[in-house]
Amino acid sequence: TPTPTPTPGPIYLPILIWHPCEVKQWYSDVVLVLDMSTSMWRPAESGSKTKLAATIEAAKYFVDLMQNLAPDEGAHHEQIAIAGFNARAWIEQPLTNDRALVKAALDRLPTRMIQYTRLDLALGVGAEATGGAEHRIENGKVIVLLTDGLPNQVPYAFDGTMETTVLTEAAAAKSAGNRIYTIAI
């Protein structure tokens, strides 16, 4: 008696490809851009310290985690810059691989605290720091923006919003090859 042919199930064929994975080291030029507006004097969520103290402590911890600051056998290494912003924006420490200089710059930042949060200027100075003469062409560019709030005193864009002005600066920084990470305090 004839029987229907069963529908075949999936067939899995093992494939072996002999292409070794190439281990590649990624090096970065990182700028930490810290909010130095007066609102950073407010208590952090934990209440045990100010937002400013928590931010500087976190930034120093980040610097300590950077493992590739010392040049390797090929003279490749990472670098860090420190910038601050409020009503103005500035580079406190240009790109360097010297941890002591970076930590000293972090300690100096609070002396320049004033009102306002110009996120547009923060992104612009971050791009300036990673694109300066100290930038190592083989390194990726990274901006880490640490802030506690929304922009204020930012000029209004053509559409009547401050957000568009900030987003325009972010787009310019990205088009210059920067990866941007924002950390909310």
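Residues 24 or more positions apart account for 71% of the contacts in the protein chain with a separation of 6 or more; a contact here means heavy atoms within 4.5 Å. This is a predicted model, in which local features need pLDDT of at least 70 and side-chain atom pairs count only at pLDDT 80 or more, while totals for chains, interfaces and linings use all residues. Residues are numbered from 1 along each chain as its sequence is written, and side-chain values use heavy atoms, with hydrogens and water left out.

**The whole chain**

Let's start with the parts list. The protein chain has 4 helices and 5 strands, and these are DSSP runs numbered from the N terminus (helices are H or I with at least four residues, strands are E with at least two). Along the sequence they follow the pattern β-α-β-β-α-α-β-α-β. The radius of gyration of the protein chain is 23 Å, well over the 16 Å that the globule rule gives for 185 residues, so the chain is more spread out than a compact globule. That radius is taken over C-alpha atoms, and the rule is 2.2 Å times the number of residues to the power 0.38. Along the principal axes, the C-alpha atoms fill a box of roughly 95 × 50 × 40 Å.

Of the 185 residues, 40% are buried, where buried means under 20% relative accessible area, exposed over 50%, and partly exposed in between (1.4 Å probe, protein chains only).

**The sheet**

In what order do the strands of the open sheet lie? The order is E3-E2-E1-E4-E5, with mixed pairing. E3 and strand E5 (178–184) stand at the edges with a single partner strand each, so one side of each has no neighbour in the sheet. On average, neighbouring strands of this sheet are turned by 15° against each other, direction ignored. Helix H2 (residues 99–108) packs on the sheet and touches E1, E2 and E3, and its direction makes about 165° with that of E3. For such angles, axes are lines fitted to C-alpha atoms, for helices over the stretch in contact, and the values run from 0 to 180 degrees between N-to-C directions.

Strands of a sheet pair through backbone hydrogen bonds, either parallel or antiparallel. Two strands count as paired if DSSP finds at least two bridges between them.

| Strand pair | Sense | Bridges |
|---|---|---|
| E1 (residues 28–35) and E2 | parallel | 7 bridges |
| E1 and E4 (residues 140–147) | parallel | 7 bridges |
| E2 and E3 (residues 89–96) | antiparallel | 5 bridges |

Strand E1 is mostly covered, with 8 of its 8 residues buried. On one side sit Ser28, Val30, Leu32 and Leu34, on the other Asp29, Val31, Val33 and Asp35. In a regular strand the side chains alternate between the two faces of the sheet. Leucine 34 stands opposite leucine 146 in E4. Towards E2, valine 31 has alanine 81 as its bridge partner, and valine 33 stands opposite alanine 83.

Is strand E2 (residues 79–85) mostly covered or mostly open? It is mostly covered, since 7 of its 7 residues are buried. One side holds Gln79, Ala81, Ala83 and Phe85, and the other holds Ile80, Ile82 and Gly84. That Gly84 stands opposite tryptophan 90 in E3, and a hairpin joins E2 to E3 through 3 residues.

Finally, E1, helix H1 (residues 51–65) and E2 make a right-handed β-α-β unit. Right-handed means that, with the strands pointing away from the viewer, the path from the first strand over the helix to the second runs clockwise.
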